[in-house]
Amino acid sequence: RHGQTNKAYQFDGVDDFIRINHSSSLSLTSFTLSLWFESNGTGPARPIIIKDNHTGENYSIWFESVNSRILSQFYPGPGSQVITVRDIGLNQLYFVTSTFHNNTFKIFINGNEESSISSNQTPGVDNEPLYIGYDGGNGYNKIQGVVDDIRIYNRALSAEEVSALYR
């Protein structure tokens with residue numbers, strides 16, 4: 001977008017991605033990830049946004065067209081915490097939001113809470129970059145589709161705040 005309104009990031013699934021260098025402001029143990037996403041590619045899991053070194057993933061949102069689902073996850077070290085939403089179709093624009101705070105992990109689609117789990121884990125923090133559309137070279141496919149209005153908060157937005165962002 002680079003400051004252009006009414007423009008979204010387009011990813012071809014081959015070599016397009018965005019890399020944002022590590023900043024301590026991106027290493028979060030309480031967070032909200034929010035973005036608009038439309039996939040026009042099929043295949044296995046593809047990261048939409050990920051702050052990761054695959055030994056302590058801080059946070060991520062993935063699209064998995066094989067199972068028609070959006071998932072969000074974090075790794076507190078050994079093991080992971082995953083929350084999923086099924087029945088996400090291709091070639092449709094979705095507003096996806098994931099929050100974590102006070103042991104509660106939630107995922108919202110189009111402003112509505114779709115799933116919630118309790119976790120006594122805390123996201124692992126790292127010094128790795130943040131990627132959009134790519135996993136940083138760990139073997140997963142790149143995103144094919146559109147990503148827009150990416151927001152990262154250092155707190156969990158309330159359901160009302162998520163709904164307001166969607167409108």
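User: Which backbone oxygen does the side chain of Asn58 reach at 3.3 Å?

Analyst: That oxygen belongs to Gly124. The term polar contact denotes a pair of N or O atoms within 3.5 Å; within protein, one must be able to donate a hydrogen and the other to accept it, and residues adjacent in sequence count only if both atoms are side-chain atoms. The side chain of Asn58 also reaches the backbone oxygen of Leu28, at 2.6 Å.

User: What kind of model is this, and what are the ground rules?

Analyst: It is a predicted model, in which local features need pLDDT of at least 70 and side-chain atom pairs count only at pLDDT 80 or more, while totals for chains, interfaces and linings use all residues. Residues are numbered from 1 along each chain as its sequence is written, and side-chain values use heavy atoms, with hydrogens and water left out.

User: Is Asn58 buried or exposed?

Analyst: Asn58 has a relative accessibility of 0% and therefore counts as buried. Buried means under 20% relative accessible area, exposed over 50%, and partly exposed in between (1.4 Å probe, protein chains only). Asn58 lies in the loop between β4 (46-51) and β5. Strands (E, at least two residues) and helices (H or I, at least four) are DSSP runs, numbered from the N terminus.

User: And Tyr59, where is that?

Analyst: Tyr59 belongs to strand β5 (residues 59-64). Tyr59 is buried, with a relative accessible area of 0%, and its side chain reaches the backbone oxygen of Leu26 at 2.8 Å.

User: Which residues does Tyr59 contact, leaving aside its neighbours within four places in sequence?

Analyst: Among them are Leu26, Leu28, Phe31, Phe74, Leu130 and Ile152, where contact means heavy atoms within 4.5 Å.

User: Which residues form the aromatic cluster with Tyr59?

Analyst: The cluster consists of Phe31, Tyr59, Phe74, Phe100 and Phe105. Rings of Phe, Tyr and Trp (its six-membered ring) pair if their centres lie within 6.5 Å; planes under 30 degrees apart count as stacked, over 60 as edge-to-face and the rest as tilted. This rule gives 14 aromatic pairs. The Phe100 and Phe105 rings have centres 5.9 Å apart and planes at 85 degrees, so that pair is edge-to-face. Both Phe100 and Phe105 are buried.

User: Changing topic: what is the strand order in the six-stranded sheet?

Analyst: The sheet is open, with antiparallel pairing and the order β1-β12-β3-β8-β9-β10. Its edge strands, β1 (9-12) and β10 (112-118), each pair on one side only; two strands pair if DSSP finds at least two bridges between them. Four bridges join β1 to the antiparallel strand β12 (residues 144-153), and Gln10 has Val146 in β12 as its bridge partner.

User: What packs on that sheet?

Analyst: Helix α1 (residues 159-166) does, touching β3 (31-39), β8 (94-101), β9 (104-109) and β12, and its direction makes about 160 degrees with that of β8. Axes are lines fitted to C-alpha atoms, for helices over the stretch in contact, and angles run from 0 to 180 degrees between N-to-C directions.

User: Finally, how does the chain look overall?

Analyst: The protein chain has one helix and 12 strands. Its radius of gyration is 15 Å, close to the 15 Å that the globule rule gives for 167 residues, so the chain is as compact as a globular protein of that length. The radius is taken over C-alpha atoms, and the rule is 2.2 Å times the number of residues to the power 0.38. Of the 167 residues, 46% count as buried.
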